[in-house]
Amino acid sequence: MGMPHKFGMFVHWGIYSLTGYHEQARWRFFTPRAEYRKLMNEFNPVKFDPDEWVRLAKDAGMEYICFTTKHHDGFCMFDTKYTDFNIMNTPYHRDVLKELSEACARGGLALSLYYSNPDWDYKYGFNSHSSHQMPEKGDVEDIEKLKEFQKNQIRELLTNYGKIYTFFWDIPMNIYDPSMNEFIRSLQPGILIDDRGWGDKGDFSTPERCVPDGHKFERLTEACQSVGEQSWGYCADEDYFTNRYLTASIDRIRAMDGSYLLNVGPMPDGRIPERSAEIVRRVGKWYNSVKEAFDTEPYLLENRSLVCTKRGSTLYVHIPDGLNSRGLTLKPIDVLPKSVTLLNDGRKLKYAITTRPEDKGWSAPDNILRRQTLHIFDMPADEFADETMVLRIKLDEGKIEV
Ligand code: JFZ
């Protein structure tokens, strides 16, 4: 269940990378359209190597790449007939989306397309019902024209680049028109569409930079987060997230059967910043070692700061908040497992059944004053302080209601 692909690389790349600041640099700096457009003449990513991106993603256990074909600035990273503000009119003159789609196909990765509703370059792009708008003098609000423009570009995007996995609208229009998603589906049967489009909830939800409450998502869900706190596009002084934070966030989302898009922002020369790549590699190494604990069912331990998942008679105990001591007692489990393994490095952990007093104290009836509990001890808590530990507990069939 859940999304067909579970872990992917989000890529925010455009001429905004030249600012070394943020994908919405134009809005933050109040840059007039004509001036921002000049960045197009400087964009020449001679070190763009999509096979390298694909390798980075695959090594991390990722199964797809979601690429920003057009962000709010309106600059198109693909060959389009409907605006001159596109990659073919840069000194690079090459359709980077085409090259990325071919690299994904070669490497066996699926490809998803991000497409922004706000368009700060298109004369008829203004939408007074929505946010992230940057109209200029002389622009005209004309939703019918905008619809036509989008459909023309979507036809290009969904015909010229092979099979597309998901369509990621960004910034809800707050205008209802189901024909837009129908149009997408007519061009790519089987495509999955997110919930940020033309007033319809699409196929999947997109919680962003957060971990919702709960144990299991009620509908298809793809969470997204960037490697850093500041920006999605390339940011020269990015505040990169810690491994502890990212592994905990990915773990919680995946345990709830959500998929996870981890974003990087390539530099103007086309390379993914080394520190971002290092984060993807490190998180990926963790992900590959613990991923058998996902695509499971939730199991509720009494200690609610732990996340627990199960498959058959195997339980997985996830520790996204870290440990204060080197041991854990796992109520209500009261049987001796066949083995307890720390998936992070494959080591076997020590365990026993211990008798523990119940929190209820002396006034509780005798039978619940003392409880048999599985106790895992001598854990390498300091060694793994900076990543989410995941334990695999193999139980005998039928030994516990799981
Ligand atoms: C949007 C963009 O504005 C941003 O630049 C980036 O592309 C990101 C992936 O998407 O930002 C959002 C969109 C939705 C929410 C928050 C920020 N949201 O639902 O809370």
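1. An oxygen atom of the ligand lies 2.7 Å from an N or O atom in the side chain of H12, and a polar side-chain atom of H72 likewise lies 2.7 Å from an oxygen atom of the ligand. For R196, the distance from a side-chain N or O atom to an oxygen atom of the ligand is 3.5 Å. The protein buries 71% of the 450 Å² that the ligand exposes when taken alone; accessible areas here come from the Shrake-Rupley method with a 1.4 Å probe, and for residues only the protein chains shown count as cover. A polar contact, as the term is used below, is a pair of N or O atoms within 3.5 Å; within protein, one must be able to donate a hydrogen and the other to accept it, and residues adjacent in sequence count only if both atoms are side-chain atoms.

2. These values belong to a predicted model, in which local features need pLDDT of at least 70 and side-chain atom pairs count only at pLDDT 80 or more, while totals for chains, interfaces and linings use all residues. Residues are numbered from 1 along each chain as its sequence is written, and side-chain values use heavy atoms, with hydrogens and water left out.

3. Which residues surround the ligand? They are H12, E23, Q24, H71, H72, Y114, H132, D170, I171, R196, E208 and W232, a residue being near the ligand if one of its heavy atoms lies within 4 Å of it. This shell divides into three nonpolar, five polar and four charged residues, where Ala, Val, Leu, Ile, Met, Phe, Trp, Tyr, Cys and Pro count as nonpolar, Asp, Glu, Lys and Arg as charged, and the others, Gly among them, as polar.

4. S226 lies in strand β6, residues 222–226; helices (H or I, at least four residues) and strands (E, at least two) are DSSP runs, numbered from the N terminus. S226 is buried, at a relative accessible area of 1%, where buried means under 20%, exposed over 50% and partly exposed in between, with a 1.4 Å probe and protein chains only. A polar contact of 2.8 Å joins its side chain to that of N263, and the side chain of S226 also reaches the backbone oxygen of S231 at 3.3 Å. Apart from neighbours within four places in sequence, S226 is in contact (heavy atoms within 4.5 Å) with R209, S231, W232, F241, L246, L262 and N263. W232 is also one of the residues surrounding the ligand.

5. Y245 belongs to helix α7, residues 243–255, and at 29% relative accessibility it counts as partly exposed. Its side chain makes a polar contact of 3.2 Å with the side chain of Q225, while the C-alpha atoms of Y245 and P320, 75 residues apart along the chain, are separated by 8.4 Å. From first to last C-alpha, α7 reaches 18 Å, close to the 18 Å expected at 1.5 Å a residue, the expected span being 1.5 Å times one less than the number of residues. Just after α7, D257 takes a positive phi of about 70 degrees.

6. Helix α4 (residues 96–107) passes the same check: its twelve residues should span 16 Å, and its end C-alpha atoms are 16 Å apart, which agrees. At the start of α4, a side-chain oxygen of D95 comes within 3.1 Å of the backbone nitrogen of L97, and the residue that follows the helix, G108, has a positive phi near 75 degrees. The buried residues of α4 are V96, L97, E99, L100, S101, A103, C104 and G107, and their cover includes α3 (50–59), β2 (64–70), β3 (110–116) and α5 (143–159).

7. Leaving out residues up to four places away in sequence, W198 touches N117, I143, K147, Q150, W169, M173, I175, Y176, D177 and M180. The C-alpha atoms of W198 and K147, which are 51 residues apart along the chain, are separated by 9.9 Å.

8. For the protein as a whole, there are nine helices and 15 strands, and the C-alpha trace spans about 80 × 40 × 40 Å along its principal axes. Buried residues make up 57% of the 402 residues. Of the contacts with a separation of 6 or more, 69% are between residues 24 or more positions apart.
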